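Trainee: I've got a new model open and I'd like to learn how to read it. Can you walk me through it, starting with overall size?

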Amino acid sequence: MLRMLLEERPAVVSFHFGLPAADRIGALRGAGVFLLATATNLSEARAIAAARIDGVVAQGFEAGGHRGCFDPAAPDDALRTMALTRLVVCGVTIPVIAAGGIMDGAGIAACLRLGAGAAQLGTAFVACDESGADAGYRSALFGEESRHTVMTTAISGRPARRIANHFTALGDSLDAGTVPSYPVAYDAGKALHLAAKETGETGFGAYWVGQGAPLARSMSAAALVAELRFEMAIA
Ligand SMILES: Cc1cc2nc3c(=O)[nH]c(=O)nc-3n(C[C@H](O)[C@H](O)[C@H](O)COP(=O)(O)O)c2cc1C
């Protein structure tokens with residue numbers, strides 16, 4: 001993958017789940033790639049800054065998808081976006097990108113007021129035309145169930161936030177530590193979802209969303225970005 005990235009030279013590469021070795025960071029920096037990495041607490045943010053990464057994504061506990069903690073076995077303070085953003089803004093000198101539960105221009109404007117240089121939105125784009133989310137995912141996102149998200153390790157062995165459904169209930173019924181590590185459980189979960197979908201049962205999908213999910217909107221990604229800009233301007 002590193003070789004491919006060095007050939008393609010994308011404008012940005014963003015790391016999740018910790019940092020790669022210094023020589024890999026150096027190679028990407030040398031290729032002119034702007035580097036980001038996710039932090040879920042101040043220690044991780046400081047490690048990111050010390051590794052000469054260009055910017056830090058401060059991912060609050062509200063965020064959809066996988067939690068970018070460096071060590072999933074370490075105690076987790078579950079810092080929310082507002083507190084985490086301030087801690088990181090005050091604790092490092094590199095640019096901070098706030099993430100987690102931000103769904104509209106008012107949310108982005110609030111993060112900028114907290115000192116973030118930018119905001120990163122994931123869930124807000126799940127229902128966009130370009131998204132690969134299937135019909136079950138979209139229906140869950142716009143249904144009552146999107147008000148109930150859970151942080152679970154049942155899918156991949158790593159904590160991740162998603163809509164609660166049959167699969168997460170299955171995960172809750174297991175003892176901690178019995179879920180096989182990535183990617184075994186993840187692949188088995190995808191196979192289970194596909195098999196269930198064929199019978200019309202969509203309750204086993206990995207519907208990753210953050211706590212702001214009920215505010216999701218369906219339109220093209222470009223239209224959503226234009227809307228976000230407008231909302232920021234009037235916030
Ligand atoms: C469907 C989905 C997939 C995601 N995939 C990734 C990923 O591959 N890599 C990554 O760094 N973050 C990923 N994230 C997390 C986002 O980068 C971001 O931290 C998060 O979406 C912010 O919270 P929000 O979903 O409440 O906006 C994903 C999030 C979602 C919702």
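Mentor: Start with the radius of gyration, taken here over C-alpha atoms, and a globule rule of 2.2 Å times the number of residues to the power 0.38. With 235 residues, that rule puts a compact globule near 18 Å, and the chain agrees because its own value is 18 Å. Along the principal axes, the C-alpha atoms fill a box of roughly 50 × 45 × 35 Å.

Trainee: What should I keep in mind about where this comes from?

Mentor: It's a predicted model, so local features need pLDDT of at least 70 and side-chain atom pairs count only at pLDDT 80 or more, while totals for chains, interfaces and linings use all residues. Residues are numbered from 1 along each chain as its sequence is written.

Trainee: How is the chain divided into domains?

Mentor: Domain bounds come from an automatic or database domain assignment. Here that gives domain 1 (2-121) and domain 2 (125-218). Their C-alpha centres lie 24 Å apart. The contact (C-beta atoms, placed from the backbone, within 7 Å) takes 13 residues from domain 1 and 13 residues from domain 2.

Trainee: And how many helices and strands are in the chain?

Mentor: Both are DSSP runs numbered from the N terminus: helices are H or I with at least four residues, strands are E with at least two. The chain has 9 helices and 8 strands.

Trainee: How do I describe two packed helices?

Mentor: You give the angle between their axes and the distance between the axes. Axes are lines fitted to C-alpha atoms, for helices over the stretch in contact, with angles from 0 to 180 degrees between N-to-C directions. Take α3 (residues 42-50) and α4 (residues 81-91): their axes come within 10 Å and cross at roughly 40 degrees. In that contact, L42, A45 and R46 of α3 meet L87, V88 and G91 of α4.

Trainee: Is A124 buried or exposed?

Mentor: Count the other C-beta atoms (placed from the backbone) within 10 Å of its own: 20 or more is buried, 12 or fewer is exposed, and in between is partly exposed. A124 has 28, so A124 is buried. Across the chain, 37% of the 235 residues count as buried.

Trainee: Where is A124, and what is A124 in contact with?

Mentor: A124 sits in the loop between β6 (118-120) and α6 (135-141). Leaving aside neighbours within four places in sequence, A124 is in contact with M103, A216 and L224. The C-alpha atoms of A124 and S218 are separated by 8.9 Å, though the two are 94 residues apart along the chain.

Note on methods:
Two residues are in contact if their C-beta atoms, placed from the backbone, lie within 7 Å.
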